[in-house]
Amino acid sequence: MPGSRRPARTTAVLATVLLATAAPATAAAAGAPGSRAPAVPLRVATYNIHAGAGQDQVFDLDRTADALRALHADVIGLQEVDVHWGARSDFADEARALAGKLRMRVFFAPIYDLGPAGQDGERRQYGVAVLSRHPVLHAENHEITRLSTQSPDPVPAPAPGFAEVVVGVRGARVHVYSTHLDHRADPAVRAAQVADMLAVMSADHGPKVLVGDFNAEPGAPELAPLWHRLRDAAPDAGDTYPATGPVKRIDLVTVSPGIVVRGARTVATEASDHRPVVTDLRVPRRGR
C-alpha cells in the first residue's frame with residue numbers, strides 16, 4: 001500500500017487468555033530498595049519459533065520449550081506459531097502446549113484462521129503469541145496492513161495478528177506487543193504496517209514494549225518512524241538470522257521512553273531458524 005498511512009483498526013478481543021499453572025515471577029520482579037517509587041525489573045524476550053522446527057527443519061516442540069525456558073524471561077513475544085495448522089507441526093496447538101510446558105499464561109493472536117483440514121478437525125490457525133509469568137490484565141488482536149500468503153493474488157488489506165497484552169507487574173501496567181512484519185523485498189507493506197502499529201500504540205498509555213520479527217534491520221528506511229516513538233533495546237546484542245552464522249539483526253525488542261535497558265543479548269540456539277533476543281528492563285511504575 002505505497003503512500004498510505006491509514007489508522008490501524010482493531011478486531012474484538014479474541015478468546016480468553018489461556019492460563020497454565022503460572023510459576024512465581026522471577027527474582028527480577030522485586031522492586032529496588034530505598035526508592036519511594038521504584039522501577040520494576042522485567043525480563044522481556046522475542047523469538048520466532050519457526051512453527052517448532054529447528055534450523056535442521058525437524059519439528060521438536062520440546063526443544064523449542066527448552067530454548068524458551070533457558071531465557072528465564074518474564075514475558076516472551078513469539079512469532080510463527082501454529083495452532084492445529086498442519087502436518088509440519090503435527091497439528092499441535094503450539095500456543096497452549098508451550099504455555100503448559102513453561103507454566104506461563106499465553107495469548108495467541110492468529111493472522112490466519114482457516115477451516116479444518118478434515119471433517120472432524122480443528123480450525124487451522126497461524127500467528128503470533130505472548131507468554132507471560134505475570135497476570136494478563138487485557139489482551140487484544142489488532143489489525144494491521146497485510147499481504148496475504150494464502151491468496152494467489154493478494155492485495156494489501158487490514159488483517160489481524162498484531163498482539164497486545166497488558167501485564168500487571170508489581171503495580172506497573174506494561175503494554176507488550178508481538179508482531180511479525182512482511183517478509184518481501186518491497187518495503188511498502190512493512191512501511192504501512194509500521195504506521196498501523198504506531199497508530200495502535202498511540203492510543204495506549206503507560207510503558208510499552210514492542211517485540212517481534214521485523215524482517216528488516218533497524219536502519220531500514222521503512223522502520224525509521226518507529227525511532228521517533230521507541231528505542232532499540234538491543235543494538236549491540238548481535239545478529240539473529242539465520243540461527244547458524246547469523247548475518248542480519250531482524251528480531252528486535254523496542255521500548256518506549258522511560259524504560260531503562262539494563263542488558264540485552266542474543267542467544268545462540270538452533271531450536272529455530274532465528275535466534276531469540278532477551279532484554280533486562282526497568283519499567284516505571286505508572287501508566288494505566
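**Aromatic pairs in a predicted model**

Both Phe162 and Tyr177 are buried, where buried means under 20% relative accessible area, exposed over 50% and partly exposed in between (1.4 Å probe, protein chains only). This is a predicted model: local features need pLDDT of at least 70, side-chain atom pairs count only at pLDDT 80 or more, and totals for chains, interfaces and linings use all residues. Residues are numbered from 1 along each chain as its sequence is written, and side-chain values use heavy atoms, without hydrogens and water.

User: How many aromatic pairs does a search of the whole structure find?
Analyst: Rings of Phe, Tyr and Trp (its six-membered ring) pair if their centres lie within 6.5 Å. Planes under 30 degrees apart count as stacked, over 60 as edge-to-face and the rest as tilted. The number of pairs found in the whole structure is 4.

User: Is the pair of Trp85 and Tyr112 stacked or tilted?
Analyst: The two ring centres are 6.4 Å apart. The planes of Trp85 and Tyr112 stand at 35 degrees, so the pair is tilted.

User: What is the relative accessible area of Tyr112?
Analyst: Trp85 is buried, at 9%. Tyr112 is buried too, and its relative accessible area is 14%.

User: Which residue lies over the face of Trp85?
Analyst: A charge sits over a ring if NZ of Lys or CZ of Arg is within 6 Å of the ring centre and within 35 degrees of the ring normal. At 4.5 Å from the ring centre of Trp85 lies Arg124.

User: Which residues form one aromatic cluster?
Analyst: Trp85 and Tyr112 form a pair. The cluster consists of Trp85, Tyr112 and Tyr126.
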